[in-house]
Amino acid sequence: MNRTFKKLAAGLAACAMASLFATGASAADKVTIGLVQPNVEHPYRVAGVERAKAWAAQHPNVELIVVDGRRDSAVQMAAVEDLIQRGVDIIVMSPNDSKALTPVAETAKRAKIPLVIFDRKLAVDPSDYAAYVGAADIEMGRSAARFLAEKIGDKGTVIQLEGTPGASATLDRKKGFEEEMARHPQIKVVSYVGNYKLSDAVAVMEDAATAHRGFAAVYGHNDSMATGAAKVVKERNLGDVPIIGIDGGKEACEGIASGALAASIYYPTMFPEALDVAMKVLDKESVPKDTILETPVLTRENLAQYCK
Amino acid sequence: MKHSDHTHRHGALGRIKELMLHNVAVTGLIVLIVISTMLSPHFLTVDNIFNVLRQWTMVGLIAIGLTFVIISGGIDLSGGAILALAAVVGAQVAPHVGPFGMVATVLVVGAVCGYVNGAMITWGNIPPFIATLGMMTIARGLALTISEGRTIPADLPGGFRFWFGTGYIGPVPAPVLVVAIVFCLAAVVLKYTVWGRYVCLIGDNAVGAHRRGLHVQRLTREVYTVHGILAAAAGLFFLGRLGVGEPTAGMMFELSGIAAVVIGGTPFTGGIGSVPLTFVGLMVIGLTYNILNLLSVSPYSQDIARGVIIVVAVMFSIRRLSSGKRRR
């Protein structure tokens with residue numbers, strides 16, 4: 001009983017201290033930004049962290065703390081609580097799960113630490129966070145569908161390689177794509193799960209290619225899976241099947257340059273944009289609630305513009 | 001000892017019934033193949049079957065190691081993570097040490113991981129479940145650290161890619177041939193060598209084995225080392241097939257491997273088991289994945305079907321064993 005009370009007291013004291021620091025901070029002083037990623041091993045997250053660190057290197061007054069949620073909502077929640085205890089000035093977070101992490105908003109609010117959400121949304125009232133920086137996954141799905149429909153002349157079977165079931169990106173990339181494809185009655189979409197992974201995509205793609213001989217195109221919810229599909233298509237000499245992925249990272253650049261992929265929808269890493277927004281929030285500048293970044297279609301023609 | 005004697009009296013029908021009951025995994029596999037063939041015209045084709053075999057070479061190698069581990073009375077959860085570590089290390093060292101050096105390095109890494117598992121269990125007295133759970137986390141962490149979380153593209157010579165991934169000998173994929181040889185060797189080792197029988201003995205009666213004068217602890221370390229080497233070999237097949245070292249490779253492979261072993265009738269209590277039946281268990285799982293994909297079953301409900309099939313398969317295997325431990 002006594003120990004619990006002590007812990008509680010310590011926690012309260014830390015919160016109080018944190019809020020003192022937080023209110024006293026401005027971008028001119030030394031500021032600490034807590035960057036919370038749901039995981040740090042996926043290529044997309046790795047690229048984001050790298051770009052965030054590059055940004056921090058150019059801002060000597062900023063200390064950037066990168067925290068890993070280890071693909072686990074409970075772990076990520078604990079990590080955010082630790083950041084609050086450490087008294088960071090602002091938290092920039094992509095929730096592992098939109099709903100599971102909702103208590104974060106309440107905790108941060110109590111500690112008077114502003115919250116910037118990026119990439120995945122947080123299912124709370126918009127007044128509970130300072131800003132959101134993201135891209136529209138549904139729109140990306142639609143772009144991919146439009147691109148493929150035009151490529152294959154409005155008919156045929158399209159294989160969809162889905163990402164991790166239940167993730168909001170998966171749901172939206174699927175929804176946008178299928179909605180758009182529903183407008184082309186001659187096109188049939190069949191779905192397989194590749195968990196955003198190359199190895200899983202190769203395995204299901206082999207089965208998919210066996211079950212749907214003469215399929216017209218492949219849509220992967222990310223570039224790793226699209227690359228896996230391209231591998232199978234090449235191995236089996238299935239000819240020039242258009243394959244489109246999402247993310248537009250290194251894999252896409254190489255794949256499009258070599259001709260293995262037809263296109264990729266560029267999904268911004270949200271960095272440095274999310275950190276710029278965070279700095280504005282700290283400076284008490286007004287920022288739009290939602291910053292939606294562009295998601296252009298990446299093809300051979302505009303490759304040079306997005307691949308460095 | 002042979003409790004099946006009485007069934008002989010029931011004539012041919014009883015004989016068939018007995019055969020089917022004593023080989024539940026085989027019966028299940030045949031039923032699965034027959035049903036699948038009726039459901040999809042693409043199922044029973046040479047291409048498709050060899051594809052499935054190639055897809056499951058990696059889990060197959062881990063399952064062989066697990067057969068020995070589980071027979072010896074243990075369990076090993078680190079197979080998938082050792083696979084990832086092996087693939088990442090292989091991709092990292094390939095440009096520097098040549099294909100043979102790379103294969104050797106990778107197998108040594110696997111052997112070390114496996115030996116450490118055995119050492120933790122025998123010297124540290126850590127229960128195998130916990131020791132290998134630790135190794136699973138450590139190996140995965142090492143893979144992520146070495147690769148800095150990235151997928152490492154490996155520039156591998158054509159000969160390596162041929163035997164470990166993309167080659168064909170006639171209609172047979174080369175990696176399937178290699179793993180088939182490993183399966184045969186393992187079956188012979190388990191059934192016809194003294195070492196194989198010792199492994200059964202320490203799983204059946206560790207105290208008895210000790211009193212007989214066997215070095216139970218050393219045998220245990222050897223069994224886990226073999227598992228480590230086989231899991232690392234699976235990493236080589238990952239490299240050969242995909243050409244990259246992916247630090248998140250092989251997740252849940254150990255669980256598919258365990259399921260294959262148990263469907264094959266090897267009980268968790270150890271003492272008995274069979275490598276060929278592990279292969280049958282592996283195929284039950286592999287063909288289940290395949291037919292669900294071929295039928296374009298909604299990916300979300302596929303998991304339900306897989307889970308049910310695994311549980312039912314194990315239920316029948318265990319029921320057979322409940323009538324007494326029977327050595328094959």
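Start by selecting chain A and chain B together: across their interface, 16 residue pairs are in polar contact, both residues at pLDDT 80 or more (a pair of N or O atoms within 3.5 Å; within protein, one must be able to donate a hydrogen and the other to accept it, and residues adjacent in sequence count only if both atoms are side-chain atoms). You are looking at a predicted model, where local features need pLDDT of at least 70, side-chain atom pairs count only at pLDDT 80 or more, and totals for chains, interfaces and linings use all residues. Residues are numbered from 1 along each chain as its sequence is written, chains are lettered from A and ligands numbered from 1 in the order in which they are written, and side-chain values use heavy atoms, with hydrogens and water left out.

Next, color the side of chain A that touches chain B. The elements giving two or more residues to it are α2 (43-57), β7 (187-193), α7 (198-211) and α8 (223-235) of chain A (helices are DSSP runs of H or I, at least four residues, and strands runs of E, at least two, numbered from the N terminus).

Now show both sides: 25 residues of chain A and 24 residues of chain B take part in the contact (heavy atoms within 4.5 Å).

Then zoom in on Arg150(B) and Glu50(A), whose side chains form a salt bridge at 2.8 Å, N to O (a side-chain nitrogen of Lys or Arg within 4 Å of a carboxyl oxygen of Asp or Glu). The rule finds five salt bridges across this interface.

Last stop: Asn302(A), in the loop between β12 (297-298) and α11 (303-306) of chain A. A polar atom of the Asn302(A) side chain lies 2.9 Å from the backbone oxygen of Val297(A).
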